[in-house]
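The sequence and structure come first.

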Amino acid sequence: MAPLPAFEPAQLPADAVEVGRIADAWGVKGWFKVLPFSADAEVLLTAKRWFLQPSERGARTFAGTVLMPVKQAREHSGSIVATAEAVADRTAAESLKGARIFVSRAEFPQAAEDEYYWVDLLGLDVVNREGVALGQVKDLMSTGPQTVLVIAYEEEGKALERMIPFVSAYVDKVELSERRITVDWQTDY
């Protein structure tokens, strides 16, 4: 029986973002298939340091957070496959099934102009053109053709949500440095 991969224990970076999971072994030479959490999985292809944590469910073959230096990652048939020095064969790759993959936000590729990573929008204050606070971005939701901001706010002591399409017709400005999004939206919409 082949030994399990020997990864060094690590501290999860403060800016770590969960970007995917290891789905299963791929082939016999230690490659594994990755289930990315984003349709644009470029960060998985470019980051050379993945931090792994065991799956919340199922068998756990390691504990805590470990650092896995990635040897190679590439697209294959609409998915991502990868390999690491410490993963020598199929048995070692199978032992990683279900592992959660985190990458430091600092390793993400630069977003294009007027494009944003969802993780950067979470927690931003949302105000309308008149400066009225509408709440904070709690979540984002993909509805197919567009993304929707899920805004959390409180009214009369009650936690509520409003949804605003994240499209240029409603979003005037995103100021990441100011932690604010300005929208053409009213409180009674």
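## A buried threonine

T83 has a relative accessible area of 3%, which is under the 20% limit, so this residue counts as buried. The model is a predicted one. T83 belongs to strand 6. Beyond its neighbours within four places in sequence, T83 is in contact with G30, W31, F32, V70, K71 and Q72.

## Nonpolar cores

The largest nonpolar core comprises 29 residues. Those with the most contacts inside it are F32, W50, L52, M68, V87 and L96. At least two residues of this core come from each of strand 2 (16–26), strand 3 (31–36), helix 1 (42–46), strand 4 (49–53), strand 5 (66–76), strand 6 (79–84), helix 2 (90–94) and strand 7 (100–104).

L52 is in contact with F7, I22, F62, G64, T65, V66, M68, L96, R100 and I101, leaving aside its neighbours within four places in sequence. Another core lies apart from the largest one and has 14 residues, including V126, I151, V183 and W185.

## The largest pocket

The largest pocket holds about 1100 Å³ of space. Its lining is made up of 37 residues, and S38, Y116, Y117, W118 and V119 lie nearest the centre. By type, the lining divides into 22 nonpolar, seven polar and eight charged residues.

Strand 2, helix 1, helix 3 (118–121), strand 9 (133–142) and strand 12 (171–175) each supply at least two lining residues. Strand 12 gives the largest share, four residues.

## Aromatic pairs

Six aromatic pairs are found in the whole structure. In one of them, F108 and Y117, the ring centres are 5.0 Å apart and the planes meet at 85 degrees, so the pair is edge-to-face. F108 is buried at 11% relative accessibility, whereas Y117 is partly exposed at 22%.

Y170 and W185 also form an edge-to-face pair, with 5.2 Å from centre to centre and 80 degrees between the planes. This pair links distant parts of the chain, 15 residues apart: Y170 is in the loop between strand 11 (158–165) and strand 12, and W185 is in the segment after strand 13 (180–183). Y170 is partly exposed, with a relative accessibility of 32%, while W185 is buried at 10%. Together with Y189, Y170 and W185 form one aromatic cluster.

Note on methods:
Residues numbered from 1 in each chain as written. Predicted model: local features only at pLDDT ≥ 70, side-chain atom pairs only at ≥ 80, totals over all residues. Heavy atoms only, no water. Core = buried A, V, L, I, M, F, W, Y, C linked by side-chain atoms within 4.5 Å. Buried < 20%, exposed > 50% of the residue type's maximum accessible area, 1.4 Å probe, protein only. Contact = heavy atoms within 4.5 Å. 1 Å grid on protein atoms, 1.4 Å probe; cavity = no way out; pocket = protein on both sides within 12 Å on 5 of 7 lines; lining within 4 Å. Points joined across faces, edges and corners; volume = space filled by probe spheres on them. Nonpolar A, V, L, I, M, F, W, Y, C, P; charged D, E, K, R; others polar. Phe/Tyr/Trp six-rings, centres within 6.5 Å; stacked < 30°, edge-to-face > 60°.
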